[in-house]
Amino acid sequence: MIEVLSLSKTYGTEPAVSGLSFSIPKGQITGFLGPNGAGKTTTMKMLTCFLPPTSGNAEIDGLSIHEHSLEIRRKIGYLPEQNPLYEDMNVYDYLHYTAALRGIEKAKRRNRVLEYGARCGLKDVLHKQIGTLSKGFKQRVGLAQALIHDPDVLILDEPTSGLDPNQKGEIMDLIRHLGDDKTVILSTHILSEVEAICERALIVASGKLVADGTMSELKSAFSGGQKIRLGILEASQEVVMPVLETIEGLSLHSFERQENTLMLNLTFASEPDIRPELFRLAVAQNWVLTELYREKVNLEEIFRLVTTS
Amino acid sequence: MNVMLHKIAQSWLITRRELKSYFDGLTGYVVLVFFLLITGWFFGNSLFINNIATVQQIFDMTPLLFMFFVPALTMGAFAEERRSGTLELLLTMPLRDWQVILAKLLATTVLCLIAISFTLVYVFIIAALGNMDAGATTGGYIGMALYGLACAVMGIYASSLTRNQIVAYLLGFVIILVFFLLDKSAPLLPASLGNVVEYLGTDYHYNNLMRGVIDTRDLLYYASLMLFFGLMTAHNLAKRDV
């Protein structure tokens, strides 16, 4: 659906995006991550045909941003950073106006506004002036604006910045529901959001792609394997370890004794989940397990790892 | 042709929003009221105090009035959209940049035409009172309309240079003033240069039209001036330095 081919943008002599390439299949929700100034916004502006790239190309649904700018814009719903709105208009008029600019037939505009107003939870504020709305509602207006022409592709630049935790949750839920059948790219630096709704993450730093994959791919690629914490009642390390070492790839990281329990920190280099095997082994050996826990790899750690090196 | 009409219809959607915002706020009313007050005062003065039945003062006044009022109408055109970030939304709609520029120009033009058309009341009064030079009046109105349009394009250009409305106003005012003064500075220059400079002045061509001679050269001059500033505006937008 979205093909980016060595896209570059230079502001003066300052490269903002350099040789970025990635591809996003139809229907995927992709998180676009990176520190501030990494080139996320610039990339999004090029995809929406706002900024022309210095070199390289991007194709959306087979259409090039160089030659089919208008066609691409029709396919895209865009929520720019800071969510700009005409504060002096009321919600209904504003959505009606964008529906008209998006080329929705006159007879259908009213229904479209009411439909997307309702879907985005704006029913009660349709006739309020945008400038008087809270930030959460403004963000909903911005989303409704991006969705009003039912685009195939949604490009959302930091859709939750500046919102309180409740509003963030609501907006993320909206994106998840409304973006169900759409290809979505959303940029953010709130990693828990990406973990919650994105199938895939692209991490950029200094204008270059530094990591790309599904959440579990990224985790296993950057965590150095599974980290397992195992607690066995009344056992000694000398007895347990030789048995455990029969599992190929499993190694002991550290161990400690807590009262009558032996706590082991193990690492296992690859997937799949090693816990079922450990459990079966414990049953066979008649060990009493008090703990069998796989440490969750934090996306934040991966983020820090790949963007600071 | 159909495609072109469709594109202009799209522009008109933006124009309608602009016009609505002129009249939702005070700008539209303030400009219209002051324009009418000032033209009315000058018209009344000559009619009742000097006993001259003519609309000439209105034509004479217009360039000065437009110099102050038109930049007030155009200052927000791009500066405000830039400041609030909505320019990015507008320029990622399925529209060409020129459609956006045309939309802004149409909005200001409509307001100028409303202002000008109110002054037709004075024309009817003079016509009822007797001798009116129909040719000069027609020429004067065509001149006013063209002059207003030219000011609008210059003001929109000024607005595309900045994100600050006040700066846009001042820039617009200065550009319009410079073009207004060009033909007046001609006598101070050597003849060869003076002729060129005179020809570039907006007021020179406005005065030609006011005499009732509708010359293609004057029409062509205004068309080129508008095209020039229109293209300069497009160039500014294409830089996308929002």
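1. In this predicted model, the crossing of helices α2(B) and α6(B) is right-handed. The residues that form the contact of α2(B) with α6(B) comprise 8 nonpolar and 1 polar, with no charged residue among them.

2. As to the geometry of this pair, helix α2 of chain B covers residues 27-49 and helix α6 of chain B covers residues 97-118, and the two pack at an angle of about 30° with their axes 10 Å apart. Since angles under 35 degrees count as roughly parallel, α2(B) and α6(B) are therefore roughly parallel to each other.

3. On the side of α2(B), the contact is made by B:Gly28, B:Val31, B:Leu32, B:Phe35 and B:Leu36, which meet B:Leu111, B:Ile114, B:Ala115 and B:Phe118 on the side of α6(B).

4. Turning to chain A, its secondary structure consists of 11 helices and 14 strands. Among the contacts in chain A with a separation of 6 or more, 68% are between residues 24 or more positions apart.

5. The overall dimensions of chain A deserve a careful reading: the radius of gyration is 25 Å, whereas a compact globule of 309 residues would have one near 19 Å. Along the principal axes, the C-alpha atoms of chain A fill a box of roughly 80 × 45 × 30 Å.

6. As for burial, 39% of the 309 residues of chain A count as buried.

Definitions and conventions:
Residues are numbered from 1 along each chain as its sequence is written. Chains are lettered from A and ligands numbered from 1 in the order in which they are written. This is a predicted model: local features need pLDDT of at least 70, side-chain atom pairs count only at pLDDT 80 or more; totals for chains, interfaces and linings use all residues. Helices (H or I, at least four residues) and strands (E, at least two) are DSSP runs, numbered from the N terminus. The radius of gyration is taken over C-alpha atoms; the globule rule is 2.2 Å times the number of residues to the power 0.38. A residue is buried if 20 or more other C-beta atoms lie within 10 Å of its own, exposed if 12 or fewer, and partly exposed in between; C-beta atoms are placed from the backbone. Two residues are in contact if their C-beta atoms, placed from the backbone, lie within 7 Å. Axes are lines fitted to C-alpha atoms, for helices over the stretch in contact, and angles run from 0 to 180 degrees between N-to-C directions. Angles under 35 degrees count as roughly parallel, over 145 as roughly antiparallel, 65 to 115 as roughly perpendicular and the rest as oblique. A crossing is left-handed if the near helix is turned anticlockwise from the far one by less than a right angle, and right-handed if clockwise. Ala, Val, Leu, Ile, Met, Phe, Trp, Tyr, Cys and Pro count as nonpolar, Asp, Glu, Lys and Arg as charged, and the others, Gly among them, as polar.
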